[in-house]
Amino acid sequence: MRISDFWRLMDDEFGAGYSHVLSSSLVLAGVGGRTADQALSAGVPPRQVWLAMCDVQDVPQERRLGRDVKPRDNAGPR
């Protein structure tokens with residue numbers, strides 16, 4: 001998972017404004033008692049940080065992969 005994927009999942013699940021509040025203030029036991037921002041800065045893989053956030057916030061399993069996004073048709077007009 002890339003950091004951009006982490007932020008997309010955070011924004012989708014918690015909203016663009018609240019996701020940044022959570023990432024800077026909520027301490028996550030699953031990443032060594034750090035906030036998400038601290039963990040990411042320390043090099044903890046974004047997937048591990050995301051799953052730690054999901055655990056603390058009780059995100060259901062079916063939403064931990066994010067919402068379904070329909071693929072774009074890249075074929076263009078024919």
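## Helix H1 against helix H2

H1 passes H2 in a right-handed crossing. This is a predicted model. H1 spans residues 3-14 and H2 spans residues 16-25. Their axes come within 7 Å and cross at roughly 115°. Angles of 65 to 115 degrees count as roughly perpendicular, and H1 and H2 are therefore roughly perpendicular to each other.

Which residues of H1 meet H2? They are Trp7, Met10, Asp11 and Phe14. On the H2 side, the partners are Ala16, Tyr18, Ser19, His20, Leu22 and Ser23. By class, six residues of this contact are nonpolar, three are polar and one is charged.

## Serine 4

Serine 4 also belongs to helix H1. Is serine 4 buried or partly exposed? Its relative accessible area is 46%. Buried means under 20% and exposed means over 50%, so serine 4 is partly exposed.

Serine 4 and proline 46 are 42 residues apart along the chain. Their C-alpha atoms are separated by 9.0 Å.

## The chain as a whole

The chain holds four helices and two strands. Along the sequence they follow the pattern α-α-β-β-α-α.

The chain has 78 residues, and 32% of them count as buried. Its accessible surface comes to about 5,300 Å². Carbon and sulfur atoms account for 51% of that surface.

How far along the sequence do contacts reach? Take the contacts between residues at least 6 apart in sequence: 44% of them join residues at least 24 apart.

Note on methods:
Residues numbered from 1 in each chain as written. Predicted model: local features only at pLDDT ≥ 70, side-chain atom pairs only at ≥ 80, totals over all residues. Heavy atoms only, no water. Axes fitted to C-alpha atoms, helices over the stretch in contact; angles between N-to-C directions. Parallel < 35°, antiparallel > 145°, perpendicular 65-115°, else oblique. Left-handed = near helix turned anticlockwise from the far one by under 90°. Contact = heavy atoms within 4.5 Å. Nonpolar A, V, L, I, M, F, W, Y, C, P; charged D, E, K, R; others polar. Buried < 20%, exposed > 50% of the residue type's maximum accessible area, 1.4 Å probe, protein only. Areas by Shrake-Rupley, 256 points an atom, 1.4 Å probe, with all protein chains shown as cover.
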